[in-house]
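Please keep the sequence and the model in view while reading.

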Amino acid sequence: MTETVATSAGSDWLRIIIGLVVVLIFAPLNALLLVWLERKVAGHIQLRLGPMEVGPHGLLQTIVDGIKLLGKELITPSRADRILFPLAPVLVFMPVLLAFLVLPFGPQLVIREMNVGLLLIFAFSTFTVLAILTGGWASNNKYALLGAIRSVAQNVAYEIPLLLAAMAVVFMVRSFNLSEIVMAQHRVWFIFLQPVAGLIFFICATAETNRAPFDIPEAESELVAGFHTEYSGMRFGLFFLAEYTNMFIVCAVAATLFFGGWHGPFGFGLRIPGVVWFLLKTYVLLFVLMWFRWTFPRVRFDQLMNFSWKVMIPLSLVNLVVTAAVLKLL
Amino acid sequence: MAEQSAPPVQQTYSLNLGPQHPSTHGVLRVLLTMDGEFIVEADPIIGYAHRGHEKMAESRTYLQFMPNCSRMDYLSGMIYNHGFCLAVEKLAGIVPPERARYIRVICSELNRISSHLLWFGTFVMDLGGFTPFLYCFDDRERILDILDRVSGSRLTYSYCRFGGVARDIDEVFVQATRDFIQRLRSRWTDYHNLVTKNVIFIHRTRGVGVIDRETARQFGVTGPNLRACGVPFDMRKVEPYEVYDRFDFQVPTGTRGDALDRYCVRLEEMEQSCRIIEQALDQLPEGPHRLEGLRLKIKPRRGEVYFAFESARGLTAYYLVSDGSAYPYRCHVRVPSYGNLHCLTEVLKETLVADAISILGSIDIVVPEIDR
């Protein structure tokens with residue numbers, strides 16, 4: 001008896017280690033692809049081609065950029081905090097990686113099944129804010145500090161409706177387990193049952209990842225580069241990687257919660273492996289995020305906060321109450 | 001022991017916006033005294049691009065000074081050249097042929113559109129919308145090509161000459177200009193859908209950076225910024241120079257004097273410029289494009305001249321004093337951006353730093369023109 005427990009624990013560890021290795025390979029590659037994709041999307045939206053020179057259609061451009069970033073000097077401002085300044089880029093990347101642990105890429109294709117998977121992802125994503133605050137404060141730069149302060153205020157404001165919107169789904173499934181949430185959608189996606197929650201979730205996710213039109217912490221026309229003004233070389237690169245990986249995570253979570261995860265649309269495409277559907281949905285959502293960025297101007301900081309506290313939070317609360325009431329009555 | 005007074009609590013801090021900042025459009029520095037995200041005091045500090053153009057004029061012949069003009073406001077270089085030509089012609093009593101006057105107006109108005117297009121792009125970019133910027137540059141590129149055809153340069157033209165223009169325009173130029181106007185008009189729908197009707201854009205500009213008439217008057221604000229507060233002051237209408245009195249065009253005005261009004265006024269001005277160009281092309285007379293037999297080194301008679309005209313940014317004027325030699329005795333340029341910028345000390349008070357950027361963008365300054 002004890003032996004089986006031990007072996008199962010051992011295989012669990014093995015699974016996690018293998019998973020982490022895969023994630024460590026997947027996350028940077030995915031980020032490189034996303035950066036390339038963003039530049040292509042931006043290019044085509046702006047009547048130009050985007051990178052074309054390095055590799056076919058500029059596919060290798062971001063890799064070359066990455067190598068360039070690796071070779072750059074790491075500049076530390078003279079009055080910056082010696083410990084926290086270099087630590088912040090690492091801190092920002094860690095929680096993003098951990099979020100991969102519970103993401104269900106397909107049936108059985110999840111590193112660690114957890115009852116509280118959804119909560120775990122939110123917990124990790126909140127941790128990113130601390131890293132941003134650390135970086136902004138440790139830079140000893142007013143622009144960076146302003147960016148960091150904004151980031152914290154924004155994330156606090158948008159975490160609440162994000163969670164409330166996700167709770168509506170949790171109410172329906174009665175589980176925090178992401179795989180169970182996906183399985184509950186094998187016939188109808190939750191976006192059709194919970195359109196308001198889906199919309200709120202996606203808008204808040206945009207704000208969570210500091211993407212335009214909510215890219216206020218790094219509003220380059222106001223705050224130069226916001227919290228990462230003073231970062232150079234691969235430290236800047238890590239912030240960049242973290243941002244794009246974070247985008248992937250929130251879109252993956254949105255696909256899991258509202259777009260049926262690894263399921264094909266309306267029971268179609270059963271022969272196609274679930275992971276393909278999952279990645280496809282995630283990338284479509286990522287494209288929408290990019291579409292946002294290259295279409296909208298930036299929201300002003302106070303308007304952003306008003307929008308969250310006065311519109312998003314009440315709306316998501318009402319949605320949650322209605323969901324609960326309907327579920328009770330059924 | 002004497003009672004220790006509490007250490008002073010610093011509630012404000014200063015923030016340098018520029019001289020190297022992505023949104024100050026050139027080397028402008030605004031020293032902001034901030035309280036959190038709010039601006040308590042704004043102090044524009046200028047002089048980073050001072051090159052002494054006015055002093056340079058004293059050691060150059062009138063024609064040699066022509067290239068300097070387009071380097072003051074590099075975005076409306078054609079209009080600056082045009083104005084300088086008119087000032088010297090007024091001083092020396094030269095009357096250019098009719099055709100040349102029409103060509104100058106056409107080129108100046110094209111230049112005005114290109115300047116406004118660039119402003120439109122950068123303004124929306126300051127607000128975080130990157131895409132319209134490239135659309136505008138795509139349109140502006142056509143104007144630069146058209147002007148490049150006649151003048152040989154794309155930004156600092158030096159195309160006007162005393163008593164005419166350097167080169168005559170041909171059919172290709174006329175056709176390209178007509179095509180461009182048609183193209184620009186077809187683009188308005190895109191721009192309105194992308195920017196003007198955007199909720200975020202409206203929220204970022206309506207009621208932001210209100211310059212009322214009184215402030216505008218005190219600081220000498222001119223151009224679209226003044227017209228946005230409802231004063232229909234345009235030198236082309238008030239004191240028509242060249243052949244502007246022969247065209248039917250309106251002076252668009254706003255009512256509130258906020259950033260949105262300034263935006264709308266400039267957009268409408270582009271349309272009015274299109275109308276002027278169309279009429280000028282229709283009326284374009286035949287004849288020489290330049291007076292023959294004029295000395296290269298003109299020597300106006302003793303005297304002084306003040307000539308005011310409307311550049312893309314507002315009332316611009318040359319004050320020239322001649323001592324009868326081939327070199328100006330004194331040259332002074334009244335630039336619109338100076339007044340437009342300095343009203344910021346009033347307007348920026350009690351605003352957010354994000355609004356400071358959109359206000360700075362909406363008033364459309366060109367720093368080298370201020371510093372000269």
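Axes here are lines fitted to C-alpha atoms, for helices over the stretch in contact, and angles run from 0 to 180 degrees between N-to-C directions. Helices (H or I, at least four residues) and strands (E, at least two) are DSSP runs, numbered from the N terminus. The model is predicted: local features need pLDDT of at least 70, side-chain atom pairs count only at pLDDT 80 or more, and totals for chains, interfaces and linings use all residues. Residues are numbered from 1 along each chain as its sequence is written, chains are lettered from A and ligands numbered from 1 in the order in which they are written, and side-chain values use heavy atoms, with hydrogens and water left out.

In chain B, helix α4 (residues 98-126) packs against helix α11 (residues 259-283) at an angle of about 155°, and their axes are 9 Å apart. The pair α4(B) and α11(B) is therefore roughly antiparallel, a class that requires an angle over 145 degrees. By residue class, their contact comprises 18 nonpolar, 3 polar and 5 charged residues; Ala, Val, Leu, Ile, Met, Phe, Trp, Tyr, Cys and Pro count as nonpolar, Asp, Glu, Lys and Arg as charged, and the others, Gly among them, as polar.

Strands β1(B) and β2 (residues 29-35) of chain B are joined by 5 bridges, where pairing requires at least two DSSP bridges. Tyr13(B) stands opposite Met34(B) of β2(B).

Two backbone positions remain. Most residues other than glycine have a negative phi. Glu242(B), however, has a positive phi near 50°; Glu242(B) lies in the loop between α10 (235-238) and α11 of chain B. Arg372(B), in the segment after α15 (367-371) of chain B, has a positive phi near 55°. Glu242(B) is buried at 9% relative accessible area, and Arg372(B) is buried at 14%, buried meaning under 20% (1.4 Å probe, protein chains only).

How values were computed: Parallel < 35°, antiparallel > 145°, perpendicular 65-115°, else oblique. Buried < 20%, exposed > 50% of the residue type's maximum accessible area, 1.4 Å probe, protein only.
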